[in-house]
Amino acid sequence: MNLYKRTGIFAALAVLTLVCCKFFSEAETNPEAGIVVWLPENRLGFQVSTEQMGKEEKEWLPLDTTFLKRTYYEGWLSRQRATERAVSATLIVAGADSRSLHRPQVCLRAQGWTIEKREVVSLETDGGPLEVMDFSLAQVIRREDGSAYLDANGDSVYRRANYVYWWVGPDSSTASDEERVWLEVWNSILKGRRERWAYPSVMVHVGADGRPAAQKRAYDFIQEFAPHFQKSLGAVEREGAVPLKAIGK
């Protein structure tokens with residue numbers, strides 16, 4: 001490719017970027033979202049705990065972000081076993097600026113997790129197909145002084161988990177971080193407004209029954225409940241279960 005072609009392509013990309021930024025920065029935010037902020041308060045056979053926003057979320061997310069997190073424990077198991085098999089589900093809805101919904105890698109790595117594998121998984125739900133991103137995670141188990149626990153061979157001991165998430169827009173969803181960003185920009189250009197993107201996630205720990213069993217717990221939860229909170233999968237009820245925070249407040 002000669003110099004003129006390269007210069008032309010660079011100039012075109014620069015202009016496109018400026019146009020996108022102009023439209024995005026001037027667009028008003030749609031007060032509606034693609035989900036209803038609802039997770040079951042009761043689940044047969046489970047104890048349910050509603051949890052507050054953690055330190056990392058408070059540091060990263062603006063005040064007009066709507067947040068709901070619940071953890072589900074199998075009540076008939078011992079406390080240790082129930083904790084090992086728990087399912088933690090979180091719904092986050094952006095406020096005035098969806099760019100504040102950063103990729104989950106940021107918080108996961110800050111918490112000491114290593115992403116060993118990532119894959120897009122297609123799930124069937126009552127509301128239609130849904131693609132999600134599944135991270136296989138590992139984390140060194142440490143003592144209070146920060147030193148790692150070692151096994152009999154002197155190797156670090158790890159805990160493992162799976163973190164499953166996706167992005168929900170006004171009419172559809174995607175498992176891709178990059179696609180979410182582009183859809184957000186193009187929506188602002190085509191519609192003249194920003195959309196309030198949502199970010200559902202489910203985390204499960206890998207126990208004695210192995211990673212496939214942990215993944216199944218996460219997938220089963222998503223398949224059962226995503227159609228009850230994601231509008232593009234048919235959610236029409238519980239619109240005010242947790243009211244969306246006012247834009248910019």
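User: In which strand is Pro 129 found?

Analyst: Helices (H or I, at least four residues) and strands (E, at least two) are DSSP runs, numbered from the N terminus. Here, Pro 129 is found in strand E6, which covers residues 128-140. This is a predicted model, where local features need pLDDT of at least 70 and side-chain atom pairs count only at pLDDT 80 or more, while totals for chains, interfaces and linings use all residues. Residues are numbered from 1 along each chain as its sequence is written, and side-chain values use heavy atoms, with hydrogens and water left out.

User: Is Pro 129 buried or exposed?

Analyst: Start with the cut-offs: buried means under 20% relative accessible area, exposed over 50%, and partly exposed in between (1.4 Å probe, protein chains only). Pro 129 has a relative accessible area of 64%, so this residue is exposed.

User: What separates the C-alpha atoms of Pro 129 and Gln 223?

Analyst: Pro 129 and Gln 223 are 94 residues apart along the chain. Their C-alpha atoms are separated by 9.4 Å. Gln 223 also marks a feature of helix H6.

User: Which feature lies at Gln 223 in H6?

Analyst: A kink. The bend at a residue is the angle between axes fitted to the seven residues ending there and the seven starting there. At Gln 223 the kink is about 35°. The proline Pro 227 follows shortly after in H6.

User: What comes in the segment after H6?

Analyst: Arg 238 is found there. Look at its phi, a backbone angle. Arg 238 has a positive phi of about 60° although it is not a glycine. Its relative accessible area is 35%, so Arg 238 is partly exposed.

User: Where does Gly 192 take a positive phi?

Analyst: Just after helix H5, at about 70°. H5 spans residues 177-191, with 15 residues. From first C-alpha to last, H5 reaches 21 Å, close to the 21 Å expected. Its buried residues are Asp 177, Arg 180, Glu 184, Val 185, Asn 187, Ser 188 and Ile 189.

User: Which residue caps the N-terminal end of H5?

Analyst: Ser 176 does. Its side-chain oxygen lies 3.3 Å from the backbone nitrogen of Glu 178. Such a pair is read as a polar contact: N or O atoms within 3.5 Å, where within protein one must be able to donate a hydrogen and the other to accept it, and residues adjacent in sequence count only if both atoms are side-chain atoms.

User: With which side chain does Ser 201 make a polar contact?

Analyst: With the side chain of Tyr 163, at 3.4 Å. Ser 201 is found in strand E11. Its relative accessible area is 6%, so Ser 201 is buried.

User: Which side chains join Thr 71 by polar contacts?

Analyst: Find Thr 71 in strand E3. A contact of 2.3 Å joins its side chain to that of Glu 51. A contact of 3.0 Å joins it to the side chain of Ser 88. Thr 71 has a relative accessible area of 2%, so it is buried.

User: Where is Val 48 found?

Analyst: In strand E2, residues 46-51. Its relative accessibility is 28%, so Val 48 counts as partly exposed. Val 48 and Ala 86 are 38 residues apart in sequence. In space, their C-alpha atoms are 9.8 Å apart.

Note on methods
Expected span 1.5 Å × (residues − 1).
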